[in-house]
Amino acid sequence: MPSQHLEGRLDEAQRTAAGDMPPAELRAALHEMADIVADYLEEVEDYAVLPPVKPGELTDRLAGPPPEEPEPLEVILRDLRSQVIPNVTHWQSPNNLAYFPSTASGIGILGEMISSGLNSNAFIWRVSPVGAELEAITIDWLRAGLGLPDEFDGVFNDTASISTLSGLACARQQATGDASQAGLRASPPLRIYISSQAHSSVERAAMILGIGRDGVRAIDVDKQLAMDPVALRAAIAEDRRNGWLPAGIVATIGTTSTTAIDPVDAIADVAADEGLWLHVDAAYAGPTALIPQMRRHFKGWERADSIVINPHKWMFTPFDCSLLLTRKMEMLRAALSLVPEYLRTYDGKDSGRDYSEYVPQLGRKARGIKMWMQLRYFGLAGLRARLQHHLDLAGELAARIDADPDAELLYPVPFGTVCFRMRPAHYAGREGEPAVAQAIDRLNEGVMNQLNGSGEVFLSHTRIAGVFVLRAAIGNLRTERRHIDRAWELLRDAAHELDREIA
Ligand code: PLP
């Protein structure tokens, strides 16, 4: 807020003091912040999930000249409570069923807090020994918990986009021999294979890596939206005949739109036969492999060269944390490492691992600290129980939709995301008629907008083969059965009301 709202004025000495906030003031402020965060989480389900603001409205309220004069902390905290907290979209709300989940657990929040307190920048071992070693330890704990062989090692990145970029940098390196040195000047054009349902981060990685969007070939999918491995093999053969250099395949377990599962085992056969890098995108669904019975969906991923899983999606880790696993750490290093003189160490000791050699950037958060706290707090058993709860809730919602004559389950529900539409019974059997198809789409768009506008629940959508599909992604740590019951009641009521209006 502009400084004319200053309450207690700061004296001249406070205004011009050098140094940071005095420790006693920080201690008191941290206690107050603890109350702010705990109050927020206690009340989060009472907020409209989408804040009732229009684009630009907050700028009108909050912008002004830069704050030349320091402001008292109590004024800043007051404005934080009144202006910031109510105007975020509430990712922490149990009623947030849009996109994929991203919950910050209590223990994760504590992990973030100490990470900020330590402000560890974990680029080489010596600048964060415990950061580097906890990264290695927790990655090994996760690998073991996920049931992957012990030759997998890895790094934490900020996002799956960067993990996939790194995986594809390996694909490029392996295919060309030395693209990190020589670039792509002398190379035939590279190809990466994906399904038509792969996340856009793959194409973006190709843009950045000089492979280009034209270098990404989308393979057809079957009715369940899973990649067709026969078509994949044929596409690679055709590309080789036409002068392309096939480099890598990205298979997805849990696609973004409908959580489809590519047949990774069959795709791994193709990758092995063709000598291609296989990257598995399990950014969303990966955490469920902690549950042994869920591993049927992951068959063949143990044969991948690299895998991405996002703990910040469905493992209750505060944003950000993406895990890149690879069985070929040396390829990752060859693709990304560059050690200038000023990062070399000459203290006579063997260096520990310098993680910046395995990532695209230099500076990086010490994410191992919060992960170490979180894995110990929940235990693998605690994580499994919470994931299973979400899987159960999703299964129950899917069963309800399936049993309802006015709704339609559109895709299988292997994980926590339910893809469906409201389809009043009087339209049954006539969905193929263009006017009916349009009316059903309009109805579902209207239902979604009505619910999202109500603030009681936040849903997202996708469009598959022209059909408007509603998505309810269950995976928030705070979501209980009653929240899903209420969302379903709202959906049914809105659909009946809009159907009467449209018909
Ligand atoms: N892969 C899949 C399957 C996703 O659903 C997403 C995001 O939702 C991503 C990758 C990208 O994740 P990030 O935002 O961490 O880059």
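Let's begin at Thr259, a residue that is buried, with a relative accessible area of 1%. Its place is in the loop between E4 and H11, and Thr259 has a positive phi of about 60° although it is not a glycine. The structure you are looking at is a predicted model. Its chain has 503 residues, with a secondary structure that comes to 16 helices and eleven strands. Here is a short tour, grouped by topic.

**The chain as a whole**

- The radius of gyration of the chain is 25 Å, which agrees with the value near 23 Å that a compact globule of 503 residues would have.
- If you follow the C-alpha trace along its principal axes, the chain spans about 75 × 70 × 45 Å.
- Of the 503 residues, 48% count as buried.
- The accessible surface comes to about 23100 Å², and carbon and sulfur atoms account for 53% of it.
- Take the contacts between residues at least 6 apart in sequence: 74% of them join residues at least 24 apart.

**Backbone details worth a look**

- A cis peptide bond joins Phe319 and Asp320, with omega at about 15°.
- Asp320 is found in the loop between H12 and E7.
- Phe316 is also found in the loop between H12 and E7.
- Phe316 has a positive phi of about 65°, although Phe316 is not a glycine.
- The relative accessible area of Phe316 is 0%, so Phe316 counts as buried.

**Aromatic pairs around Tyr284**

- A search of the whole structure finds nine aromatic pairs.
- One of them is Tyr284 with Trp314, a stacked pair with 5.1 Å centre to centre and 5° between the planes.
- Tyr284 lies in the loop between strand E5 (277–281) and strand E6 (306–309), while Trp314 lies in helix H12 (residues 311–314), so this pair ties together parts that are 30 residues apart in sequence.
- Both Tyr284 and Trp314 are buried.
- Tyr284 also pairs with Phe415, this time edge-to-face, with 6.2 Å centre to centre and 85° between the planes.
- Phe415 lies in the loop between strand E8 (407–409) and strand E9 (417–422), and Tyr284 in the loop between E5 and E6, so this pair ties together parts that are 131 residues apart in sequence.
- Tyr284 counts as buried because its relative accessibility is 2%, under the 20% cut-off.
- Phe415 is buried as well, with a relative accessible area of 1%.
- Tyr284, Trp314 and Phe415 belong to one aromatic cluster that also includes Phe100, Phe298 and Trp301.

**Arginines over rings**

- The charged end of Arg471 sits over the ring of Phe100, 4.9 Å from the ring centre.
- Phe100 is one of the members of the aromatic cluster described above.
- The charged end of Arg353 sits over the ring of Tyr358, 5.2 Å from the centre of that ring.

**The largest nonpolar core**

- The largest nonpolar core has 51 residues, and Ile249, Leu278 and Trp301 touch the most other members.
- Among the elements that give two or more residues to this core are helix H6 (129–145), helix H10 (229–241), strand E4 (245–252) and helix H11 (264–274).
- E5, E6, strand E7 (322–326) and helix H14 (367–403) also give two or more residues to this core.
- H14 provides the largest share of this core, six residues.
- Not counting residues up to four places away in sequence, Leu278 touches Ile249, Ala251, Val264, Ile267, Ala268, Ala271, Ala304, Asp305 and Ser306.
- Trp301, one of the residues that touch the most other core members, is also part of the aromatic cluster with Tyr284.

**A stop at Leu30**

- Leu30 is found in helix H2 (residues 23–43).
- At 37% relative accessibility, Leu30 counts as partly exposed.
- Leu30 and Met113 are 83 residues apart along the chain, and their C-alpha atoms are separated by 9.7 Å.

Technical notes:
Residues are numbered from 1 along each chain as its sequence is written. This is a predicted model: local features need pLDDT of at least 70, side-chain atom pairs count only at pLDDT 80 or more; totals for chains, interfaces and linings use all residues. Side-chain values use heavy atoms; hydrogens and water are left out. Rings of Phe, Tyr and Trp (its six-membered ring) pair if their centres lie within 6.5 Å; planes under 30 degrees apart count as stacked, over 60 as edge-to-face and the rest as tilted. Helices (H or I, at least four residues) and strands (E, at least two) are DSSP runs, numbered from the N terminus. Buried means under 20% relative accessible area, exposed over 50%, partly exposed in between (1.4 Å probe, protein chains only). A charge sits over a ring if NZ of Lys or CZ of Arg is within 6 Å of the ring centre and within 35 degrees of the ring normal. A nonpolar core is a set of buried Ala, Val, Leu, Ile, Met, Phe, Trp, Tyr and Cys residues joined through side-chain atoms within 4.5 Å. Contact means heavy atoms within 4.5 Å. The radius of gyration is taken over C-alpha atoms; the globule rule is 2.2 Å times the number of residues to the power 0.38. Accessible areas come from the Shrake-Rupley method with a 1.4 Å probe; for residues, only the protein chains shown count as cover.
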